[in-house]
Amino acid sequence: MKSSQKLVRITTVPVSLSVLLKDQLRYMSDHFEVLAVSSPDKLLEQVGIREGVRTAPIVMTRAITPAKDLKALWQLYRFLKKERPTIVHTHTPKAGLLGMMASRMAGVPIRMHTVAGMPLMENTGLKRKLLNFIERLTYSCATGVYPNSKDLGRFILQNRFCKAQKMKILGNGSSNGINTRFFQPGAELNKAACEWKKKFGLTEKDFVFVFVGRLVKDKGIEELVEAFGQLKEKYPHIKLLLVGPYEPERDPLAPATRKTIETNPSIIHAGFQQDIRPFLMISQALAFPSYREGFPNVPMQAGCFDLPSIVTDINGCNEIVEDGKNGLIIPVKNVPELYRAMEKLLTDPALYLTLQSNARQMIVDRYEQQYLWELLLKEYHDQLRSHAIIS
């Protein structure tokens, strides 16, 4: 039954609503009046149409921009005073800070913030101190903090960003789970995969390592390209498929790495793709040597297509992947260990088959999307009851 209460979901940029929370807003709209707030963009309008919810554009920046941030805070406050929602639920760092502050100022009773990765993990010195303060401020304004992985929860407590009683992890982690029915082979996907395979000149003899995500330094792309280059000298039948855009304005790759990507005939750069499924289907293993994550979707998506994953020992990744069961876990920023893991998958068929046979079922059992949505809906209703609000 649909509640009479209003739920506002806020992200800094619309792509987070579109990709990270895909279909979740539509599900929640059967139970609440849902409003989606993010920076103005055609994509925000498209999200509203696709999810069947109202949207509101408010300019927010991902960088630290005090004047623009104050303006966004005021606009959010005025918006929330007008709409009078019962629940505000924020995602992403800037939307979390501004959304939680504005919600508290506006007297919103239930203020929930999901934590999905922290850029501050890679910072030091004064910037790290500033980001620590911002994180604590965000959590102090929230009535509930929801890290999307167990390791992230431990990190929050270790750094005393908030008290344990304010924090909760839903299920096994993740912000949106994964639609395992969407991420599985089918006739149309097979056709698309065959076309891409032909376009890239891949044969049955090729062993394709795939990476999906932004081509930036903190995704481990420099280490991946270096390890692949060394491995290629010994195993000429391997390919590296990179699916994702460069982001030079935020975390640029070294010029030498980018040149290698663009000139090495065994490295295929497919760029940004709306549908990554065909690219997973033409690959044999995922290589995902990221420096930091919240709870990444890519290893879950790859697992659904029976791909063993090589991931780094960071939160999220080391929960989705169990070393020796559905993938291999390596240290961060370690080219020799990445090389060894890639070589293992190439040269140990028994290990490869074991990882492959476990990959999909381990994702289905722990991260099915519908299950996570039901847990979040229950949390909303539990919060309504604990605040003595009739739904």
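S149 caps helix 7 at its N-terminal end, with a side-chain oxygen 3.1 Å from the backbone nitrogen of L152. The model described here is predicted. Helix 7 spans residues 150–158. Its buried residues are D151, L152, G153, F155 and I156. Just after helix 7 comes R160, which takes a positive phi of about 55 degrees.

Nonpolar side chains tend to be buried together in soluble globular proteins. In this model, the largest nonpolar core holds 66 residues. Within that core, the residues that touch the most other members are F209, L241, M342 and L345. Helix 14 (residues 335–347) supplies the largest share of this core, with 7 residues. The surroundings of M342 can be listed in detail. When neighbours within four places in sequence are left aside, M342 is in contact with F209, L224, A227, F228, L231 and I310. Another core, of 35 residues, lies apart from the largest one. Its members include A72, L98, Y139 and C141.

V15, V19 and L20 make a nonpolar surface patch of about 240 Å². V15 belongs to helix 1, which covers residues 14–20. V15 counts as partly exposed because its relative accessible area is 41%, between the limits of 20% for buried and 50% for exposed.

Methods. Residues numbered from 1 in each chain as written. Predicted model: local features only at pLDDT ≥ 70, side-chain atom pairs only at ≥ 80, totals over all residues. Heavy atoms only, no water. Buried < 20%, exposed > 50% of the residue type's maximum accessible area, 1.4 Å probe, protein only. Helix = DSSP H or I, 4+ residues; strand = E, 2+ residues; numbered from the N terminus. Polar contact = N/O pair within 3.5 Å; in protein donor to acceptor, adjacent residues only side chain to side chain. Core = buried A, V, L, I, M, F, W, Y, C linked by side-chain atoms within 4.5 Å. Contact = heavy atoms within 4.5 Å. Patch = residues over 30% accessible without salt bridge, like charges linked within 9 Å, V, L, I, M, F, W, Y side chains within 5 Å. Areas by Shrake-Rupley, 256 points an atom, 1.4 Å probe, with all protein chains shown as cover. Salt bridge = Lys/Arg side-chain N within 4 Å of Asp/Glu carboxyl O.
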